[in-house]
Amino acid sequence: MKTGISILLLMLMPLAWAQKLQPVSLVVDDVPVAQVLQTLADLEQQNLVIAPDVTGTLSLRLVNVPWKQALQTVLNSAGLVLRQEGTVMHVHSQAWQTARLAKQEAEVIRQQQNLPLVGQSITLQYADAEELAKAGAKLLSPRGTMTVDKRMNRLLLRDDKANLQALSRWVADMDLPVGQVELAAHIVTINEKSLRELGVKWSLAEATQTPGAGKITTLSSDLSVGSATTRVGFNIGRINGRLLELELSALEQKQQLDIIASPRLLASHLQPASIKQGSEIPYQVSSGESGATSVEFKEAVLGMEVTPTIMQQGRIRLKLRISQDMPGQVLQQADGEVLTIDKQEIETQVEVKSGETLALGGIFSQKNKSARDSIPLLGDIPWVGQLFRHDGKDNERRELVVFITPRLVPGA
């Protein structure tokens, strides 16, 4: 062992006479870690205290390594930690460091348990107290409690003063008004010519097959992406909606479109809002081998569900689901007639500006018209009357189009 120490000192002494912080060359073989640390401290005239739990030997070879790096290399190799107190360096084992941190944490917990508890009541203006309590329960100390007063929409808190102040600041940050969006919709059936007159230009191409009666088709496209493409036969477009209501009323008077519904919704940020219009159709349901039957009802309605997401710079992202369920064919069965329900549905997600009108279409229907032009009295004469009248039929193909205009509510 003496031979190893002598070699170490012979290699380090010339460096000790040189200027400080010069590179260190170190070669040791099975030398106690404490002696290596003491030798490094002597080179830089550093104050060093080595704990009794520092044990073991070390073998290494370092050539032209900075002093601080050499010291840290020895510490890492032996699994030791360095703690600086002023000008004194303390070296301990990793186990000592772990025990020290655990002791400090236990002391902090003990001190917190001795702190007096303080009560506070916070009445919420916008947020729901019950929902906020679920998230805020994690911020309480082990002794803290949080009670919800539903009647007054307030939180009853009890915790130590420091933790209570932090929890109060968090509640204030969370108790903010939720943005709201007013949604004005017009659901119409319109012919292609009138649709062009309104200025609707579809941004997505139609699919090769048009959805038929009784089929459910879903569209999931994000128009905020310029390269978005459609997977089904629904179209999406935008128009200037400032005079939309007047234009629709004028076309309705000319019998160029039929306004099915004009619902208005007020929806909050990330909260779904829906509206339905229609009827429920009764049908008989058999109840097992006994042959007894009961009457149940099935919806045949026109419905719209919208979930808005308020974004930056006055933009709104809409998650839309529009369905039109209508009575279909009557099927003859042994126990009576059964009425089918024809389903047509649009489901999509788009992004628009506040006040911009979105048009969704792609559901088509056929409308048959019959008309008779005749000369009064003469046209009603049997056999001869057909010379004085004209009977005509007109088949018109119309499209179900939904116009939606979202607007941010001021102050939201």
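Colleague: What order do the strands take in the open sheet of 3 strands?

Modeller: The order is β2-β5-β4, and the pairing is mixed. Strands count as paired if DSSP finds at least two bridges between them. Strands (E, at least two residues) and helices (H or I, at least four) are DSSP runs, numbered from the N terminus.

Colleague: What kind of model is it?

Modeller: It is a predicted model: local features need pLDDT of at least 70 and side-chain atom pairs count only at pLDDT 80 or more, while totals for chains, interfaces and linings use all residues. Residues are numbered from 1 along each chain as its sequence is written, and side-chain values use heavy atoms, with hydrogens and water left out.

Colleague: In which sense do β4 and β5 pair, and over how many bridges?

Modeller: Antiparallel, over 6 bridges, with β5 covering residues 88-93. Within β5, H90 is the residue opposite R83.

Colleague: Which strands does α3 touch when it packs on the sheet?

Modeller: α3 touches β4 and β5, and its direction makes about 130 degrees with that of β4. Contact here means heavy atoms within 4.5 Å. Helix α4 (residues 94-113) also lies across β4 and β5, at about 95 degrees to β5.

Colleague: At what angle do α2 and α3 pack?

Modeller: Helix α2 (residues 33-43) and helix α3 (residues 67-78) pack at about 165 degrees, with axes 11 Å apart. Angles run from 0 to 180 degrees between N-to-C directions, and axes are lines fitted to C-alpha atoms, for helices over the stretch in contact. α2 and α3 are therefore roughly antiparallel (over 145 degrees) to each other.

Colleague: Which residues in α2 meet α3?

Modeller: V33, V36, L37, L40, A41 and L43 in α2, against W67, A70, L71, V74, L75 and A78 in α3.

Colleague: Changing topic: where does L270 lie?

Modeller: L270 sits in the loop between β13 (264-268) and β14 (273-286). L270 is not a glycine, yet its phi is positive, about 65 degrees.

Note on methods:
Parallel < 35°, antiparallel > 145°, perpendicular 65-115°, else oblique.
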